[in-house]
Each structure stands twice: as structure tokens, then as C-alpha cells.
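User: I'm new to this model and would like to know what lies behind the words used for it. Could you walk me through them?

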Amino acid sequence: MNDLQEMKQLAFELEEDPDKVLPYINIDKGSIEALPEYLNHRGFKHVALIADQHTWKAAGKKIATILEQGGYEVAPVQITPNTNGQVLADEPSIVQVLVETPPRVDVLLAIGSGTIHDITRFCSSKMGAPFISVPTAASVDGFTSKGAPLILRGFKQTIQTVSPIAVFADIDILKEAPLEMTAAGFGDMIAKMTSLLDWKISHWVNDEPYNETAANLTRRSLYNCVDHVNEIAKADEEGIRILIKALIESGLVMLLLDFSRPASGGEHHLSHYWEMDLLKKGAPQVLHGAKVGVATAILIQLYQFYAEDESVFGAHTPRIAEEISRLPDYVDVLDWLQLTGGAQVPSDLGIDSALVHESLNKAFTIRDRCTGLYLINQAKTEDLSISWRSDHEL
Ligand SMILES: [Zn+2]
């Protein structure tokens with residue numbers, strides 16, 4: 001990965017040893033073919049492949065063949081879906097992986113999207129065996145993270161676990177992922193528009209530590225995706241390569257900082273609020289990136305409305321207004337989301353406008369984190385949805 005050099009620079013700046021903190025990264029066509037050599041180099045013999053029925057077909061089977069031919073002992077674990085036909089990072093999935101993974105295993109391979117990774121990273125940390133990330137869709141920026149968002153007794157909570165020792169992102173596999181997953185990955189990148197802004201706002205208003213190098217790296221990954229939205233929409237080789245690289249870079253920046261600030265702001269809080277509601281209702285879950293992409297367009301609209309409001313941003317209003325004016329218009333964001341075939345508005349995701357309005361007024365309480373959304377809620381006594389709502393129908 002060309003830009004790993006820049007990640008190393010950021011590591012040095014943060015006084016971290018890049019060789020200890022950063023995983024080995026291989027983004028390429030056919031990168032899974034290089035797995036046996038890597039495992040050999042690390043001295044691993046016994047490998048557990050953690051997948052679900054879809055990702056087993058998409059990649060797991062082929063990886064099993066490659067590794068068996070290379071003389072490795074392979075233990076496949078196919079996680080069973082729930083009654084909605086979905087695999088969740090919850091107790092049944094975790095227990096299945098812990099029960100079915102042989103005790104002598106040297107390394108676990110997470111073969112799948114974000115959920116499979118979260119289950120695997122938790123089990124990996126509990127079993128004391130490292131894990132390798134093999135994403136099957138460019139759908140999320142969390143592959144390299146340490147935090148595992150798990151659903152425990154019906155509530156989502158993020159448990160600190162371990163990050164992967166290596167990432168093998170195979171373009172041939174990622175290209176074949178369902179288009180809605182690629183669109184979700186684009187949504188998770190678009191979210192950096194408001195999360196980077198929220199980080200800066202918090203830095204100015206709340207004196208929160210801010211790292212210019214980290215912000216710039218994340219911003220560059222974001223706009224590289226925007227500049228290549230047509231290629232990403234086609235899911236061609238170049239588009240997929242750009243998107244997965246951006247997602248991994250965003251993840252590595254968070255890993256190095258050891259917090260998610262550059263990549264998670266008010267838009268993630270809105271998405272989280274919606275997710276909790278779906279969980280309460282037992283409704284099928286919606287892709288993370290699809291939710292945050294939609295939430296980003298909403299938040300940009302909200303921020304543009306309050307940009308010059310001194311009752312919200314006080315003495316910081318001029319510079320915050322200037323930052324907000326640099327954001328693309330929310331209509332452009334909706335166009336990009338549409339181009340990739342992703343959801344544009346909450347109703348596309350089965351999220352009704354009542355929940356959206358509630359989240360605009362309550363989602364800021366989810367985390368003790370200063371964002372534009374938090375400041376607007378603090379300053380305003382009226383219902384945000386009413387003052388903000390314009391001609392664009394939620
Ligand atoms: Zn995200």
C-alpha cells in the first residue's frame with residue numbers, strides 16, 4: 001500500500017511504533033493467493049475460517065482450497081443467520097465461533113463484512129489468537145479497528161478487543177460484492193464530511209485535541225472517493241480499489257489515534273439512534289454505511305441552516321460558518337448516493353420521518369461527544385425538525 005508510508009509518519013508523530021501498531025496490508029487483485037506465504041512467514045499452521053453462508057461462497061471456499069493445498073490445517077466455521085436471515089454480532093454468533101473453533105488454532109481469518117469482523121475480533125481477543133482480515137465487500141471503514149460493536153442482551157455496546165495483524169483485500173472478490181454493500185462503503189466515507197467538521201468544531205469550542213495530519217489523511221481519502229464516484233458506482237476495478245483503500249486508510253487513522261473522532265460524528269449518532277430503534281422492534285438491521293450516508297446528507301442540511309447562528313456557535317461562529325460553507329451542498333451528496341445505487345433518504349431504509357425527527361432532538365445524548373448536532377440542541381428550545389425541514393421530503 002503506497003500510502004502506508006504516510007501512516008507510518010502519523011505513527012511516529014503520535015510516538016507509536018508503526019511496526020507494532022499497523023497491520024500488514026495487501027490490497028490487490030488475487031491477494032488471497034498470497035495468504036499461504038504470509039502464514040508460513042508467521043509460523044502459523046492451524047487456521048480457522050470465520051464466515052457466513054454468503055461469504056463462504058464468495059471467498060471462504062476458495063481460501064480453504066488455497067490453504068489446504070498449501071498444507072495448512074483448516075477449520076471452517078459458518079455462522080448461522082438469525083430468524084431475519086441475518087448474521088448479527090450477538091451472543092449466539094459469538095458462542096458458535098467459540099464452540100466451533102478448535103482449541104489449537106494459531107490464527108483466525110475474518111472472511112466477510114463488518115459484522116463477521118466484529119464477531120471474529122472479539123473471539124480472537126478472548127482466545128488469545130490473532131486474526132487476519134479478509135473483507136468480502138468494501139462496505140465499512142472498521143476492518144482494522146479494535147472496537148467490536150456487539151449486540152448484548154439486545155443493546156449495542158462497543159467492546160475494546162484487538163485489531164487484525166494483516167488485511168488481505170482482494171479486488172477480484174470485492175468487485176463481486178452486492179452493489180448495495182459497495183454503496184454503503186461509499187456512505188461510510190461520505191460521513192467523514194460531517195465527522196471531520198464535528199471534530200474541528202469540538203476542537204475550537206471544547207478544546208478537544210485535534211491532529212491535523214490525521215484529519216488531512218482522512219479528508220484526502222474521502223475526496224478521492226468523491227472524485228471517483230463514477231468508477232465506484234460502476235464497481236469497476238479502479239473504483240473498488242479506490243474505495244477499499246480509502247476505507248482501510250480511514251480505519252488505520254482511527255487505529256493510530258486510538259479514537260474514532262475523524263470518522264464518527266453527529267451523523268454516526270443519528271445512525272446509532274435509528275439502529276437502536278430497529279433493534280428494539282426486532283426489525284432487520286440496515287447496513288451501517290447506508291444509514292450514515294443518509295444521515296450525513298441530513299446533518300449537512302441542518303448545519304447549513306444554522307451555520308451563521310451565533311446563539312449556537314457563539315464567538316466561533318465566523319470560522320465555523322466558513323468551515324460549513326466548504327461542505328458540498330446536501331443535494332450533491334444525495335446525487336452521489338443515488339449514483340452509487342445507495343439509499344438517499346431514511347424512507348429508503350424503512351426508517352420513518354417520526355424517528356428521524358426524534359433522533360435530531362435526542363441522538364446527541366448517545367455519546368458524551370461535542371458535535372454541531374450537540375451544540376444546536378443545546379442552544380435551541382424548539383423542535384429541530386420543524387425549524388429545519390425544507391422542501392426536501394424525508
Ligand atoms: Zn462508520
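Analyst: Gladly! Two strands pair if DSSP finds at least two bridges between them, and helices (H or I, at least four residues) and strands (E, at least two) are DSSP runs numbered from the N terminus. Please keep in mind that this is a predicted model, where local features need pLDDT of at least 70 and side-chain atom pairs count only at pLDDT 80 or more, while totals for chains, interfaces and linings use all residues. Residues are numbered from 1 along each chain as its sequence is written, and side-chain values use heavy atoms, with hydrogens and water left out.

User: What joins strand β6 to strand β7?

Analyst: Strand β6 (residues 147-152) and strand β7 (residues 155-160) run antiparallel and are joined by six bridges. Pairing needs at least two bridges, so these strands count as paired. As an example, Leu150 has Gln157 in β7 as its bridge partner. The two strands form a hairpin with two residues between them, and Arg153 in the turn has a positive phi of about 50 degrees.

User: Why does His268 count as buried? And how is His288 classed?

Analyst: Buried means under 20% relative accessible area, exposed over 50%, and partly exposed in between (1.4 Å probe, protein chains only). His268 has 11% relative accessibility, so it counts as buried. His288 has 29%, so it counts as partly exposed.

User: What makes Trp199 and Tyr210 a tilted pair?

Analyst: Rings of Phe, Tyr and Trp (its six-membered ring) pair if their centres lie within 6.5 Å; planes under 30 degrees apart count as stacked, over 60 as edge-to-face and the rest as tilted. The structure holds seven aromatic pairs. In the one formed by Trp199 and Tyr210, the centres are 4.6 Å apart and the planes are at 50 degrees, so the pair is tilted. This pair links distant parts of the chain: Trp199 is in helix α9 (residues 192-206) and Tyr210 in the loop between α9 and α10 (212-227), eleven residues apart.

User: What makes Trp199 and Phe259 an edge-to-face pair?

Analyst: For Trp199 and Phe259 the values are 6.0 Å centre to centre and 75 degrees between the planes. Trp199 counts as buried because its relative accessibility is 0%, whereas Phe259, at 32%, is partly exposed. Elsewhere, ring pairs link Tyr24, Tyr38 and Phe168 into a cluster.

User: Which residues touch the most other members of the largest nonpolar core?

Analyst: A nonpolar core is a set of buried Ala, Val, Leu, Ile, Met, Phe, Trp, Tyr and Cys residues joined through side-chain atoms within 4.5 Å. The largest has 86 residues, and Met193, Ile244, Leu270, Trp274 and Leu302 touch the most other members. Helix α12 (residues 237-257) supplies the largest share of this core, twelve residues. At least three residues come from each of domain 1 (4-175) and domain 2 (179-388), with bounds from an automatic or database domain assignment. Apart from this core lies another of 25 residues, including Tyr38, Ile111, Ala166 and Phe168.

User: How do you know that Gln285 is buried? What is it in contact with?

Analyst: Gln285 is found in the loop between α13 and α14. Its relative accessible area is 14%, so it is buried. Contact means heavy atoms within 4.5 Å; leaving aside neighbours within four places in sequence, Gln285 is in contact with Gln86, Leu88, Glu275, Leu278, Leu279 and Lys291.

User: And why is Val105 called buried?

Analyst: Val105 has a relative accessibility of 11%, so it counts as buried. This residue lies in the loop between α5 (91-100) and β4 (107-112). Not counting residues up to four places away in sequence, Val105 touches His46, Val47, Ala48, Met127 and Ala129.

User: Is Val331 buried, exposed or partly exposed?

Analyst: Val331, in helix α17 (residues 330-339), has a relative accessible area of 38%, so it is partly exposed.
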